[in-house]
Amino acid sequence: MRALLRRQRYLLDYSLSSLARRPGKHLALLLVYTLIVFLLASTLLFTQSLRREAALVLAESPELIVQRLLAGRHELMPADYLHRLGRLRGVSESYGRLWGYFYDPAVKANYTLLVPRQDPPAPGDVILGTGVARARGLGVGDYLSLRSARGEPFSFKVAALLEADTELVASDLILLGPEDFRRFFAFPADRYTDIVLRVPNPSEVRKVAEKIALALPDTRPILREEILRTYDALFGWRQGVVIVLLTGALLAFVIFAFDRAAGLSAEERREIGILKAIGWETGDVLRMKFWEGAALSLTAFLAGYLLAYVHVFFFAATLFAPVLKGWAVLYPDFSPLPFVDGLQVATLFFFTVFPYTVATIVPIWRAAITDPDQVMR
Amino acid sequence: MPLSPALLALTLASLTQASLLLLASGFALRILRHWDLNSGSERQLELERRTYLVASLVAWVFGASLLSLLLFVYHAEQLSSQFVGAMCATGVLNANAWGWPALYLKMALFFAGAAWLLLNRVDNRAPDYPLVRPKYALLLLIAPLALAEALVQGQFFAGLNPDLITSCCGALFGPDSKGVAAELAGIDPAVSLTALYLSGLTVLASGLIYRWRGWGGHLFALAAAFGFGVALVAIVSGVALYVYEHPHHHCPFCLLKTGHDLVGYALYPPLFAATALALGVGLMTTWRRVPSLEGIIAAEGRRLAGMALILFAIFHGVATWLVLRSNLVLLGSG
Amino acid sequence: MIRLAQVSKVFNQGRHNEVRAVRDLSLELDTRGITVFKGPSGSGKTSLLAMIGCLSRPTSGRIHLEGRLISNLPERFMTAVRRDTFGFIFQRFNLIRGLTVLENVMLPAYPLAPAPSTLRDRALDLLRQFHLAERANNQAEWLSGGEAQRTAICRALINRPRILIADEPTANLDSQLSRELLALIGDLADQGKGVLISSHDPLVFDHARVSRVVELRDGRLA
């Protein structure tokens, strides 16, 4: 066993020195390799963290949302539906929500206006999401003026800013009091946007939804788990699409790696011939070359992953956030929590190191079976 | 079909595995037809050199099958959030009829690759390569396995429909449900844990006999394969309960999660490695009477059997420790 | 004792450029002393040495080394025999550029994996013996012709082979250096190593220490 390990050490030693002796040839491959790992890793890390953020935010949201439908379109919810719903088994509380969208022509962006259930801002006050505050250049104590639904200018005092840790979802948020909300949008007094139910036991959610659909046939219950699933599928799908787009690059990389491994210089050929003549076996050369590939792969993989990590978590994925993030115009200043995930590392490995080894396996073997008596001819 | 990177990676890996093994099978056929060690012809030399390539390809496929097994489980775990009723990988594998077969085929490919590589290793140490023909004939059997794996996995992924309501471990292994899984999980922990130790003893006994007497390699492999099955059942019906400290949580995959101290990583690798080694020992003892291999197989078989026994002991040790450290009381005080 | 029976070597078998380098050659060789294979280029002496040294396998015929049949061994085992039995010195030295003299000398021992300190000591001993100690850490490509050839000898000796095989060892040396080299080879023969040399240099096959000259022509004994 010791001899076995020692032999691998000798072979590794030799392959490292062989890499060091031809820096030019390997540098190009290393750069391309690292770039491929970097691109893929950035994509995976970024969408994965988007997904996690969304899940974190949704974890706080209610289990069940009931919307009213009119001719198949989303309608305002009459306040008395709350009473018609009555008490349902398994529902710990139910209440109407007030929220809506507002297009701000000044910065050409959509805001979400929302009346929080607990501690709504005092009349005339608003709490701003950081995206809105940034877009309008506002701080606490400043005034935000918007044109209301009736065309009158409204001025709100900025009472506070939202915390930044839920940036992704809350960036475009404006929190305000219920009276201000109704006046600003000219929202009917006996209507809500929708109704929200809290169902603590997850196994009862579906039952409750069925009862609502029976009791209020013109409504649609939306389950939180369904939203989560949709998000998951959507983000997974986006990752998939980006990867499919990157396969072109991957293929180019594989061809490049094959070419590099197959195109041995006369010097390298001579070297392998010498090794075989002085007593190296085909298997030894194979293993030596394998170590060479492993050293390259490890370096590229670590460097690429590290760069992607820094790119996503410290520079907020500057390079392709616009493609992957979503539909809102106000890009949140997204700083996700750093994480490392086994699935992701394994996936990345499959997409980079595996194609590389497959591409080089035959060229390496071809080099290794060089005739040992070649150096004598 | 959910289009996720891991799914693409798994599909790509399976297809590559299958095509590489097909390539290797092509060489295998040529070797079966033309191999003649006494010939000094250039074709024979070429064939001999091909054997290095075939071994490299199989080694690659083997490594890939190991990683893809892991990725498959991780991926199923992650997909669980997209399936109503699935709370972990078990639920996703249940989403259609191809999930579990795909997993089993991956495991089969892993074991087949391991056993073949061990056989190849032994054969390469006898100057007359006595096992060339049986070895490459066996390779022809492994290739369809890889094809089947790629196909079944493809079916599984294609049939994944997030609108389907699947049943997770709670329901699958629950007392009300029927089917093999429920039956297995329904086994009394006392029974399954006893079976675990009995099978462990059988493996130990057959392994020691093989090491001392040099015969019974097949028995050892059989005992190990059986012990592997028993171990999986015991994990589902017994050990898992102790780890989760919940009398109805049977999932074999949640053991790999951080929430449970990643104990699965101390449990599965020794079990899989030990079984693979034991199967390799069983395979090679088939040819223990070949003159040029007699001494080599005897020595190598003993060594590998010893390693397998140590790994089995580690597995049983970890399992026992998990049961003992648990706060869950199922046995004794009932 | 090396015994060859009806040994042939054919290159590019079955193709239009087929070459019969060695034809039906039978021969017995003593593994002690210095044996020189002499003949014009293309006479098959290098192919013959390659087959004896387990670098290649005869197309037909048998080669026995000390009673053991080595001509039908697969490459894997031929390499093992070669590593243990033969050391090679080549016409063009064939040192690996970019590696130091010491590393070049240690290279044949890597697959055998002796303890690193033992290997290093052994290599340094050899270098000292051949007056290369102060060159140990120089790059191989900086050496003069004589030094390169002596380094190649050290490399050939690192695995302690019983037999040295030298293929046209004087082809790239001037007469002075050739004589020095032959003296060194003579010393090695005195220490009990068998030496097989292929050469068409009269300096070599007329040398006083040579115990036997085998002449080849067109792949046959002349």
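How many helices and how many strands does chain B have? In this predicted model, where local features need pLDDT of at least 70, side-chain atom pairs count only at pLDDT 80 or more and totals for chains, interfaces and linings use all residues, chain B has 11 helices and zero strands, a helix being a DSSP run (H or I) of at least four residues and a strand a run (E) of at least two, numbered from the N terminus. Residues are numbered from 1 along each chain as its sequence is written, while chains are lettered from A and ligands numbered from 1 in the order in which they are written.

Of the 334 residues in chain B, 51% are buried, that is, they have 20 or more other C-beta atoms within 10 Å of their own, with C-beta atoms placed from the backbone. Among contacts in chain B between residues at least 6 apart in sequence, 75% link residues at least 24 apart, where a contact means C-beta atoms within 7 Å.

**Two helices of chain C**

The axes of H5(C), residues 145-157, and H6(C), residues 175-190, come within 10 Å and cross at roughly 20°, axes being lines fitted to C-alpha atoms over the stretch in contact, with angles from 0 to 180 degrees between N-to-C directions. This angle makes H5(C) roughly parallel to H6(C), a term for angles under 35 degrees. The residues that make the contact include C:Gln149 and C:Ile153 of H5(C) and C:Leu181 and C:Leu184 of H6(C).

**Where chains B and C meet**

Between the two chains, 10 residues of chain B are in contact with 11 residues of chain C.

How values were computed
Buried ≥ 20, exposed ≤ 12 C-beta atoms within 10 Å, placed from the backbone. Parallel < 35°, antiparallel > 145°, perpendicular 65-115°, else oblique.
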